[in-house]
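Look at the structure below and follow the chains by their letters.

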Amino acid sequence: MESVIRPTLVYLFVLLLLRLTGKRTLAQITSFDFVLLLIISEATQQALIGEDNSMINSLIVVATLIGINILMSLLKQRSKWFDRLLDDIPLVIVADGKPLKDRMDKARVDEDDVLDAARENCGLERMDQIRHAILERDGQISIIPRR
Amino acid sequence: MSHRPIEEKLDRQLKFHRTEWRIQRIGWIFLSVFLALALAGLFGNGPLSHTRVAGPQGRIEYQRFVRYGSPSELVITPASGAARGISRVEITAEYLEGFRIESVTPEPTTVRMSGQQLVYEFAAAGAGASISFDVDPQRLWRHRALVRIDGGEALEIRQLTYP
């Protein structure tokens with residue numbers, strides 16, 4: 001019983017925290033994100049396993065985590081509201097070459113991030129070459145170049 | 001253009017996908033059954049696992065399903081009508097083949113072997129005071145033992161240790 005309840009609580013808690021920190025958090029694995037990921041997994045390990053080092057316990061924990069993941073994907077598919085709740089919706093941050101400052105501030109993205117994505121994905125170098133930039137749900141910025 | 005190899009190939013792949021999806025759905029059913037059983041306690045720690053055997057002298061509560069590497073407990077409580085606590089517990093020595101007894105609370109005054117019995121004697125305790133044995137499963141699969149409380153009838157405990 002415990003072996004199912006523990007991972008469920010940890011999953012929901014980590015999900016809530018990551019959702020609160022915003023989408024950019026683990027979008028690109030920078031070296032600090034990598035460290036953060038390691039620390040989180042290290043810290044949650046104790047809560048997941050407790051004192052129970054048996055094989056059956058780890059099997060149940062893994063099965064529970066996979067099970068919640070499948071369940072979440074089914075719920076997201078069935079309910080738009082749930083999908084938004086868990087995965088957010090995309091946000092336009094540059095429209096017609098004009099950066100939308102207030103949106104970018106709220107989403108904690110700046111022009112450098114946009115130009116970064118523009119260079120990486122489209123080989124663009126200036127803001128006026130960008131038609132639209134969109135902050136996607138996974139935290140990536142996609143660029144639509146001006147023709 | 002009667003042959004359209006690409007489409008034919010993709011159709012074949014679609015068949016593969018259909019099979020794959022079906023197997024996934026079946027897998028999900030197995031997964032949810034497995035998790036439901038785990039919640040119920042078939043693999044330890046849950047309503048299905050928690051067991052008690054009772055005799056006139058008292059009752060023993062324990063987990064029917066235990067896990068290797070995960071401590072468990074055996075709690076012996078005197079019968080509710082008893083005027084005083086338990087003074088003697090006898091466990092058949094075969095119990096030690098499957099479990100290591102880590103500690104006993106309260107501490108027994110003496111522990112000795114008498115024939116095939118492990119005998120624990122306790123100082124007089126108040127009515128209703130229970131005794132708990134912290135045990136650690138040492139060997140997989142099935143184990144049974146007989147426990148006698150205050151020289152009463154033998155109560156049988158059966159446990160199964162998962163890896």
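Two residues are in contact if their C-beta atoms, placed from the backbone, lie within 7 Å. By this rule, 16 residues of chain A are in contact with 18 residues of chain B. Helix α1 (residues 5-40) of chain B gives the most to chain B's side, namely seven residues; helices (H or I, at least four residues) and strands (E, at least two) are DSSP runs, numbered from the N terminus.

The model is a predicted one, in which local features need pLDDT of at least 70, side-chain atom pairs count only at pLDDT 80 or more, and totals for chains, interfaces and linings use all residues. Residues are numbered from 1 along each chain as its sequence is written, while chains are lettered from A and ligands numbered from 1 in the order in which they are written.

Next come the strands. Strands of a sheet pair through backbone hydrogen bonds, either parallel or antiparallel. Here, two strands pair if DSSP finds at least two bridges between them. In chain B, six strands form an open sheet with mixed pairing, in the order β3-β11-β10-β5-β8-β7. β3 (65-67) and β7 (110-114) of chain B each have a single partner strand, so one side of each is left without a neighbour in the sheet. β3(B) runs parallel to strand β11 (residues 154-162) of chain B, joined by three bridges. R67(B) has Y162(B) as its bridge partner in β11(B).

In chain A, strand β1 (residues 91-95) pairs with strand β3 (residues 130-135) in the antiparallel sense over four bridges. V94(A) has A133(A) as its bridge partner in β3(A).
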